[in-house]
Amino acid sequence: IAGTAPVLWTWKNVLLTAYLIGCAVSFIFLLLKLIKTASYYRRARLSEDLSTWEMRVRVLGEPDGNIPFSFLRSVFVNPEVFTDSELQQVLAHERAHIRQRHTADLLFLEAVKVLQWFNPLIHLYLRELKSVHEYLADEEVLAQGAAKHDYLELLYKQLCMGKFVPVGNSFRHFLTKKRIQM
């Protein structure tokens, strides 16, 4: 019939709209995580004493720096909450994340998650990838000669501390109990 308006809301259009809205919301969540991570760069001061050519150590105060983490080539930590030997183990752990480019893995998977927000497997895969990253970093620290008992005490100490980091590799990971049992 001439003069009738085309139907805009077909099932295909509804599903496409829902998918795009989900992608937009997922992208906004990722952007907020990155903004929060960027705020750590603004609040932290670069430590020339602790930094090396392969990593920049940025010192955060209480309570932000209680849970050390790395993002790209930067390590965020509060040295005052650790003994000297604990700090060296934490830095070795975060250096392992930097050397193995774990942030790149996480950022790639976060980007995939924006497109696959509806897929429960992507969320499980991201969680497992973080676990594997932690095991690899722990293994490297122990291979460098850290005393296993002291390192386990440090993991336990971190288990009892503060909050998590939005994006990046945190020394305190939700599977710390499993890491202690390794």
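Me: Among contacts between residues at least 6 apart in sequence, what share joins residues at least 24 apart?
Reply: Keep in mind that this is a predicted model. Contact here means heavy atoms within 4.5 Å. Take the contacts between residues at least 6 apart in sequence, then pick out those that join residues at least 24 apart, and you get 61%.

Me: Where is the confidence lowest in the protein, and where is it highest?
Reply: Overall, the pLDDT averages 87, and 84% of the residues score at least 70. Where pLDDT is low, the predicted coordinates should not be read in detail. The lowest mean, 59, belongs to helix H6 (residues 176-181), while the highest, 97, belongs to helix H3 (residues 102-115).

Me: Which residues of H3 are buried, and what arc do they cover?
Reply: The buried ones are His102, Thr103, Leu106, Leu109, Glu110, Lys113 and Val114. They sit on the same side of H3, because around the axis they cover an arc of only 155°.

Me: At what angle do H4 and H5 pack?
Reply: Asp138, Val141 and Leu142 in H4 meet Lys148, Tyr151 and Leu155 in H5. The crossing of this pair is right-handed. With the axes 10 Å apart, helix H4 (residues 120-143) and helix H5 (residues 148-159) pack at an angle of about 145°.

Notes:
Residues are numbered from 1 along each chain as its sequence is written. This is a predicted model: local features need pLDDT of at least 70, side-chain atom pairs count only at pLDDT 80 or more; totals for chains, interfaces and linings use all residues. Side-chain values use heavy atoms; hydrogens and water are left out. pLDDT is the predictor's confidence in each residue, from 0 to 100. Helices (H or I, at least four residues) and strands (E, at least two) are DSSP runs, numbered from the N terminus. Buried means under 20% relative accessible area, exposed over 50%, partly exposed in between (1.4 Å probe, protein chains only). The arc is that of the directions from the helix axis to the C-beta atoms. Axes are lines fitted to C-alpha atoms, for helices over the stretch in contact, and angles run from 0 to 180 degrees between N-to-C directions. A crossing is left-handed if the near helix is turned anticlockwise from the far one by less than a right angle, and right-handed if clockwise.
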